[in-house]
Amino acid sequence: MAIRPVLRLGDQRLFELAIEVENFNTPELDSLIEDMFDTMEAEDGAGLAAPQIGVGLRVAIFGFDTNPRYPESNPIPKTVLINPEIKPLGDDKEEDWEGCLSVPGMRGVVSRFTHIHYTGFDASGNPVDVNAEGFHARVVQHECDHLDGIIYTQRLSNPLKFGFTEELLSAGQLNTTECPE
Ligand code: NI
């Protein structure tokens with residue numbers, strides 16, 4: 001197990017399309033996922049995608065039991081999601097603040113589907129099939145974007161609703177309880 005450095009915005013690897021995992025239940029995949037959890041937890045993240053640690057595979061993780069940084073968010077079950085597909089359930093979208101471990105110390109408002117259905121596989125190749133809403137749905141959409149080389153800064157609803165967390169807090173734009181990275 002190891003905490004790996006998280007690539008930051010500007011590193012061109014973050015913009016690459018990740019490729020599908022073909023072999024499940026391998027020591028390499030298990031150790032990648034273990035490193036991803038170690039890294040996400042060390043950074044108090046809500047999720048992490050493999051490309052963020054420089055591995056161009058379609059592997060995302062997310063979830064936490066309780067996280068002091070988002071006390072008002074319902075816990076999201078710890079999930080490994082490989083080769084995911086997302087389908088929106090309905091057209092409803094909502095705007096909210098997002099952050100990203102690859103864009104540390106900043107937040108921006110992004111519009112995401114409110115209700116989604118996502119499928120994929122866990123590390124052993126068992127199917128994952130979940131309906132999610134709200135913050136859970138937002139995190140999944142954010143992490144899956146990473147697999148397509150998309151960072152939330154490319155999806156800002158309004159460039160004026162983007163900036164450094166501290167300044168946004170001082171300006172009363174952001175509450176401390178809405179700071180997922
Ligand atoms: Ni991110």
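D122 lies in the loop between strands β6 (115-121) and β7 (127-133), where helices (H or I, at least four residues) and strands (E, at least two) are DSSP runs, numbered from the N terminus. The model is predicted, so local features need pLDDT of at least 70 and side-chain atom pairs count only at pLDDT 80 or more, while totals for chains, interfaces and linings use all residues. Residues are numbered from 1 along each chain as its sequence is written, and side-chain values use heavy atoms, with hydrogens and water left out.

With a relative accessibility of 23%, D122 counts as partly exposed; buried means under 20% relative accessible area, exposed over 50%, and partly exposed in between (1.4 Å probe, protein chains only). Leaving aside neighbours within four places in sequence, D122 is in contact with F24, V80, I82 and V128, contact meaning heavy atoms within 4.5 Å. A polar atom of the D122 side chain lies 2.9 Å from the backbone nitrogen of S124. A polar contact is a pair of N or O atoms within 3.5 Å; within protein, one must be able to donate a hydrogen and the other to accept it, and residues adjacent in sequence count only if both atoms are side-chain atoms. The C-alpha atoms of D122 and T79 are separated by 7.9 Å, although the two residues are 43 residues apart along the chain.

T79 is found in strand β3 and, at 12% relative accessibility, counts as buried. The side chain of T79 reaches the backbone oxygen of P77 at 2.8 Å. Not counting residues up to four places away in sequence, T79 touches F37, A60, I61, F62 and Y118.

Of the residues touched by T79, A60, I61 and F62 belong to strand β2 (residues 59-64), in which 6 of 6 residues are buried. In a regular strand the side chains alternate between the two faces of the sheet. Both faces of β2 are covered: V59, I61 and G63 are buried on one side, and A60, F62 and F64 on the other. Strand β2 joins β3 (residues 76-88) through 5 bridges, and the two run antiparallel; two strands are taken to pair if DSSP finds at least two bridges between them. Within this pairing, V80 of β3 is the bridge partner of I61. Strand β1 (residues 47-49) also pairs with β2 in the antiparallel sense, over 3 bridges, and here G47 has F62 of β2 as its bridge partner.

Helix α1 (residues 27-42) has 16 residues and reaches 22 Å from its first C-alpha to its last, close to the 22 Å expected at 1.5 Å a residue; the expected span is 1.5 Å times one less than the number of residues. The buried residues of α1 are L29, L32, I33, D35, M36, F37, D38, T39 and M40, and the buried residues of this helix pack against β1, β2 and β3. Just after α1, D44 takes a positive phi of about 55°.

The largest nonpolar core has 18 residues, and those with the most contacts inside it are L32, I33, M36 and V59. Such a core is a set of buried Ala, Val, Leu, Ile, Met, Phe, Trp, Tyr and Cys residues joined through side-chain atoms within 4.5 Å. Each of α1, β2 and β3 supplies at least two residues of this core, and α1 gives the most, with 6 residues. Apart from its neighbours within four places in sequence, M36 is in contact with L48, A49, A50, I53, V59, A60 and I61. A second, separate core of 13 residues includes A46, F64, L81 and V140.

Helix α2 has 14 residues and spans 21 Å from its first C-alpha to its last, close to the 20 Å expected at 1.5 Å a residue. Because 13 of the 14 residues of α2 are buried, the helix is largely enclosed by the rest of the structure. G149, whose phi is positive, near 75°, follows α2.

The protein donors of the nickel ion are C100 (SG), H142 (NE2) and H146 (NE2), lying 2.1 to 2.3 Å from the ion. Donors are N, O and S atoms within 2.8 Å of the metal (3.2 Å for Na, K and Ca); water is not among the atoms, so sites may look incomplete. The donor residues are spaced C-x41-H-x3-H in sequence. H142 and H146 both lie in α2 (residues 134-147), 4 residues apart, about one turn of the helix. Both histidines are buried, H142 with a relative accessible area of 6% and H146 with one of 1%.
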